[in-house]
Each structure stands twice: as structure tokens, then as C-alpha cells.
Amino acid sequence: MNPLEIIEKYYSPKSDVYHILVSHSRSVADKALTIGRAHPEMNLDLAFVEEAAMLHDIGIFMCKAPDIDCYGSAEYICHGYLGAALMRKEGYPRHALVCERHTGTGLSLEMILRRGLPIPHRDMRPVSLEEQLICFADKFFSKTKLGKEKDRAKIRKSLSKYGEENIKPFDDWCKLFLGE
């Protein structure tokens with residue numbers, strides 16, 4: 001599977017959003033692969049990690065986010081489950097789970113209901129090590145400051161805006177993937 005071929009079904013390679021998506025996703029994939037290669041004992045499927053990291057944000061074009069050239073109608077929080085639907089349609093259900101489960105440090109059903117989020121009512125937290133790794137790597141990169149890696153303190157501060165329950169998974173992943 002070639003992630004760029006799938007992306008190009010939905011994004012014009014000449015568009016700003018294509019550049020933003022591919023650049024951000026490449027940064028996430030590279031970080032995830034670097035961490036994954038440092039942990040052979042985890043037996044991670046690194047080919048899958050690279051593909052899924054490149055595709056994790058494929059649903060952004062359906063959302064309202066003009067600062068990243070996205071002019072869809074859905075709220076940005078919806079990009080994960082919308083991207084998951086695209087990946088299922090493309091025949092990649094495992095990749096779809098990464099799309100659906102990468103937002104924040106994952107979204108519990110309780111959090112979705114409590115915050116009244118406009119997304120399906122189901123648990124959307126990363127489960128497999130590959131899903132967790134991609135979700136973790138994604139936290140280090142934004143789509144507005146391409147290629148610039150965030151430090152952990154800034155990530156923790158950003159996650160805390162959405163409740164303390166978002167910080168614990170990140171801290172757990174720091175220990176698991178970075179030994180810190």
C-alpha cells in the first residue's frame with residue numbers, strides 16, 4: 001500500500017492542505033519509526049506504523065479549519081472518525097482505527113458524553129502498541145508549525161486544557177517509549 005496514492009484520491013498535490021497534511025504526517029511517521037526502531041523487544045509492525053502515521057489525519061479536509069486550508073463542514077474534532085470511515089471504504093480497517101483513536105491521547109466514551117462532543121458515542125482510545133505509538137508521536141507536531149517538534153512540557157500543558165485524564169496516558173507513553 002502506498003499512503004500517498006490514497007491521500008491523492010482526496011487531496012490535490014498542488015493544494016496547501018496536501019502539503020500541510022503530508023509534511024505533518026511525515027514528521028509523525030519519522031518520530032514513530034525512530035521510537036519503534038529503538039524498541040525491537042516490542043515487535044512493532046513498523047511498515048504498518050509508517051503507513052498509518054501517514055494516513056492518520058486523512059479526514060481533515062472534511063472539517064472547518066481554514067488556518068490549515070480545510071473548508072469542510074464538520075468540526076475539527078470529527079476528523080478522526082471521518083478519516084476512519086474513508087480508510088474503511090478504502091479497505092484498511094486497521095488503519096481506520098488509528099485515524100479514529102489518535103485525537104488527544106484518545107477519547108473515552110465517558111469524555112465524549114461529558115463534553116458533548118459531536119462524534120460517535122464509543123470508546124476511541126488507542127489500544128494496540130502501534131496505535132499508541134502513532135498517537136504519542138502525533139502529539140509532538142502541529143499542522144501550523146510544520147517540522148518543528150514540541151517539547152514535552154508544552155505538550156502536557158496543551159493536553160491539560162482538556163482535562164487531567166489526558167496527561168496520564170502521555171506520561172505513561174513517555175515512560176514506555178522514551179524510558180522517562
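**Entry 1: ground rules**

Helices here are DSSP runs of H or I with at least four residues, strands are runs of E with at least two, and both are numbered from the N terminus. With that settled, I placed Glu130 in helix 7.

I am working on a predicted model, where local features need pLDDT of at least 70 and side-chain atom pairs count only at pLDDT 80 or more, while totals for chains, interfaces and linings use all residues. Residues are numbered from 1 along each chain as its sequence is written, and side-chain values use heavy atoms, with hydrogens and water left out.

**Entry 2: Glu130**

Is Glu130 buried or exposed? I found Glu130 buried, at a relative accessible area of 10%; buried means under 20%, exposed over 50%, and partly exposed in between, with a 1.4 Å probe and protein chains only.

Next I looked up what Glu130 touches, taking contact as heavy atoms within 4.5 Å. Setting aside residues up to four places away in sequence, Glu130 touches Asn43, Leu44, Asp45, Phe48, Val49 and Arg94.

Which backbone atom does the side chain of Glu130 reach? I noted the backbone nitrogen of Asp45, at 2.9 Å. That falls under polar contacts: a pair of N or O atoms within 3.5 Å, where within protein one must be able to donate a hydrogen and the other to accept it, and residues adjacent in sequence count only if both atoms are side-chain atoms.

I also checked Glu130 against Pro13: they are 117 residues apart in sequence and 28 Å apart in space, C-alpha to C-alpha.

**Entry 3: helix 3 against helix 7**

The axes of helix 3 (residues 46–55) and helix 7 (residues 129–138) come within 10 Å and cross at roughly 45°. Axes are lines fitted to C-alpha atoms, for helices over the stretch in contact, and angles run from 0 to 180 degrees between N-to-C directions.

Helix 3 and helix 7 are therefore oblique to each other; under 35 degrees counts as roughly parallel, over 145 as roughly antiparallel, 65 to 115 as roughly perpendicular, and the rest as oblique. Their crossing is right-handed, a term for the near helix being turned clockwise from the far one by less than a right angle, with anticlockwise giving left-handed.

Helix 3 brings Phe48, Val49, Ala52 and Ala53 to this contact, and helix 7 brings Glu130, Leu133 and Ile134. By class I have six nonpolar, no polar and one charged residues. Here Ala, Val, Leu, Ile, Met, Phe, Trp, Tyr, Cys and Pro count as nonpolar, Asp, Glu, Lys and Arg as charged, and the others, Gly among them, as polar.

**Entry 4: helix 3 against helix 2**

How do helix 2 and helix 3 lie to each other? Helix 2 (residues 16–37) packs on helix 3 at an angle of about 155°, with the axes 8 Å apart, and the pair is therefore roughly antiparallel. This crossing is right-handed.

On the helix 2 side I listed Val22, Ser25, Arg26, Val28, Ala29, Ala32, Leu33, Gly36 and Arg37, which meet Leu46, Val49, Glu50, Ala53 and Met54 of helix 3. The classes come to nine nonpolar, two polar and three charged residues.

I then looked at helix 3 as a whole. Seven of its 10 residues are buried, so helix 3 is largely enclosed by the rest of the structure. The buried residues are Phe48, Val49, Glu51, Ala52, Ala53, Met54 and Leu55, and they pack against helix 1 (3–10), helix 2, helix 4 (79–89), helix 5 and helix 7.

Arg101 sits in helix 5 (residues 93–101) and is buried, with a relative accessible area of 16%. Its side chain makes a polar contact with the side chain of Glu131 at 2.9 Å. Beyond four places in sequence, the contacts of Arg101 include Met124, Pro126 and Cys135.

His79 is in helix 4 and is buried too, at 4% relative accessible area. The side chain of His79 reaches the backbone oxygen of Tyr76 at 2.8 Å. Among the residues His79 touches, not counting those up to four places away, are Asp57, Cys63 and His102.

**Entry 5: positive phi**

Asn43 is not a glycine, yet has a positive phi of about 50°. Asn43 is in the loop between helix 2 and helix 3 and is exposed, with a relative accessible area of 68%.

Asp69, also a residue other than glycine, has a positive phi near 65°. Asp69 lies in the loop between strand 1 (64–65) and strand 2 (70–71), where I found it partly exposed at 25%.
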